Amino acid sequence: MLTTQTNQTSIVQISIALIAPNPKQPRKRFDPEELENLTASVKEHGVIQPLLICPAGQDGIHILIAGERRLRAAKSAQLKTVPAVIRDVKTDDLAVLALVENVIRDDMSPVEEGDAYLELQRKGKSNSEIAKMIGTNAVRVGHCINCASLPERAREMVHAGTLYR
């Protein structure tokens, strides 16, 4: 593991085999064409932005916090290692941090976003608390929860962008 120190943040080169996907990842759909394009970029330039991972567990495996698309592209590009920042977070924060990254990117469907907000509600968070945690507003949280509560056919239409965007 190669470590680079930058302004109190350590960036390490870590084996892809030692990184497990975030079980709390709110994004369930990954556009194959976008992943293909990202894979081509990773083959050409490497992974430019480090992944965010938890410290290794007793099994030596790190849980991915943020960077699922980059990790998938690196695997497709057959890289052996990726740059990563190691951050110690509580298990409950895995979902929040993954959600923050995805909401900031603004290409997650309102249904996926709503599913993640519903999970936070089940843990006792109000729409206002969720909005504050994520850096959005309670109205958006409510709209996304409404999308997540739609029947499956309507959810698919939202995912496809034919019903709501």
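Residues are numbered from 1 along each chain as its sequence is written. Because the model is predicted, local features need pLDDT of at least 70 and side-chain atom pairs count only at pLDDT 80 or more, while totals for chains, interfaces and linings use all residues, and side-chain values use heavy atoms, leaving out hydrogens and water.

Begin by selecting helix α2, residues 68–76 (helices are DSSP runs of H or I with at least four residues, strands runs of E with at least two, numbered from the N terminus). Here Glu68, Arg70, Leu71, Ala73 and Ala74 are buried, that is, under 20% relative accessible area with a 1.4 Å probe, protein chains only. Just after α2, select Gln78, which takes a positive phi of about 60°.

Next, show Ile14, Ile19 and Val82, which touch the most other members of the largest nonpolar core, a group of 16 residues (a core is a set of buried Ala, Val, Leu, Ile, Met, Phe, Trp, Tyr and Cys residues joined through side-chain atoms within 4.5 Å). The largest share of this core, three residues, comes from α2.

Finally, select α4 (residues 110–122) and α5 (residues 127–134), which pack at an angle of about 120° with axes 10 Å apart; the axes are lines fitted to C-alpha atoms over the stretch in contact, and angles run from 0 to 180 degrees between N-to-C directions. Tyr117, Leu120 and Gln121 of α4 meet Asn127, Ile130, Met133 and Ile134 of α5, where contact means heavy atoms within 4.5 Å.

Definitions and conventions:
Buried < 20%, exposed > 50% of the residue type's maximum accessible area, 1.4 Å probe, protein only.
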